[in-house]
Structures are given as C-alpha cells and as structure tokens.
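Okay, thanks for coming, everyone. Let me put something up on the screen, and then I'll talk you through a few spots in it.

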Amino acid sequence: MSAVRLTVIPNRPPGVLALADAAALVLFSVVGLLSHDGAVSASGLARDALPLLAGWFAAALVFRTYRRRSVRALLLTWIVGVPLGVALRAVVLGRALEGREAAFLAVALTFTLLFVVGLRAAVSLRA
C-alpha cells in the first residue's frame, strides 16, 4: 500500500502549476458570480477573474513562482498578486479601495489561498 502525499509544490511542469493556479482563481470568480449574481457570464468573468489573473501572474513573474518552486515564492505571489488584482478590479470598476472593496480583498485573500492550495494538492495526486 503506497502513501498518498499531498503538497502545494507538486513535482509537475511549471505550465501545469500555472494552469492549476489560473483554474483556482477562475473557480474563485465563478463561485463569487454564482453567489452574488446567480449566473456566470463572460462579462462577469472578465470583470472579476481577469484582474485577479493579471495580478497573480505579474507577481508570479516577479517572484519566479514557477521556477523557484517554493512555498515562500507561492505565498509571496499570493500576498502580493491577489491585492494587486483586487486593486486593478477596483480601478476598472471605478471604485475606491475601501468599504466593500476592503471586504472583497479579505474574502479574496482567504478563498484564493484555499482554492490554490486545494487545486495544487489535487495536481499532486495525479500520477
């Protein structure tokens, strides 16, 4: 019987990890759209997912997340990339970075981390 090992830094090609992270951020946006709008639309995904993806992958470039393959690089990408994406979303929507946007940032930080860790753990299970 073999032991199952879950990890947030699975031994997978960088492209697979990047796709898993992107899927996690899109999934977060889909859940949010379903929760608040009751439906998923292309415009809703563009409004919510694209800024998060842009922030995440900009931070990933800076911290070399997919080359370094470390928990530190992943956490730096998360703690910088998600707020950057939320700020970009606020600018696009013409909103101030206070009140509802601050609450959205707290929710985004919590749940994007859970989604990213969850999808990376799932990727680590794949043979």
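So, which helix is Val86 found in? That's helix 4, which covers residues 71–93. Keep in mind that this is a predicted model.

Let's stay with Val86 for a moment. Is Val86 buried or exposed? Its relative accessible area is 3%, and the cut-off for buried is under 20%, so Val86 counts as buried. And who's around it? Leaving out residues up to four places away in sequence, Val86 touches Leu52, Glu101, Phe104, Leu105 and Ala108.

How many does the structure hold? Five. In one of them, the side chain of Glu101 meets that of Arg95, at 2.9 Å from N to O. Glu101 is buried, at 4% relative accessibility, while Arg95 is partly exposed, at 33%.

One more pair, and then I'm done. Asp21 and Arg120 meet through their side chains in a salt bridge, 2.8 Å from N to O. Here, Asp21 is in helix 1, residues 14–36, and Arg120 is in helix 5, residues 100–125, which puts them 99 residues apart. Asp21 and Arg120 are both buried, too.

Definitions and conventions: Residues numbered from 1 in each chain as written. Predicted model: local features only at pLDDT ≥ 70, side-chain atom pairs only at ≥ 80, totals over all residues. Heavy atoms only, no water. Helix = DSSP H or I, 4+ residues; strand = E, 2+ residues; numbered from the N terminus. Buried < 20%, exposed > 50% of the residue type's maximum accessible area, 1.4 Å probe, protein only. Contact = heavy atoms within 4.5 Å. Salt bridge = Lys/Arg side-chain N within 4 Å of Asp/Glu carboxyl O.
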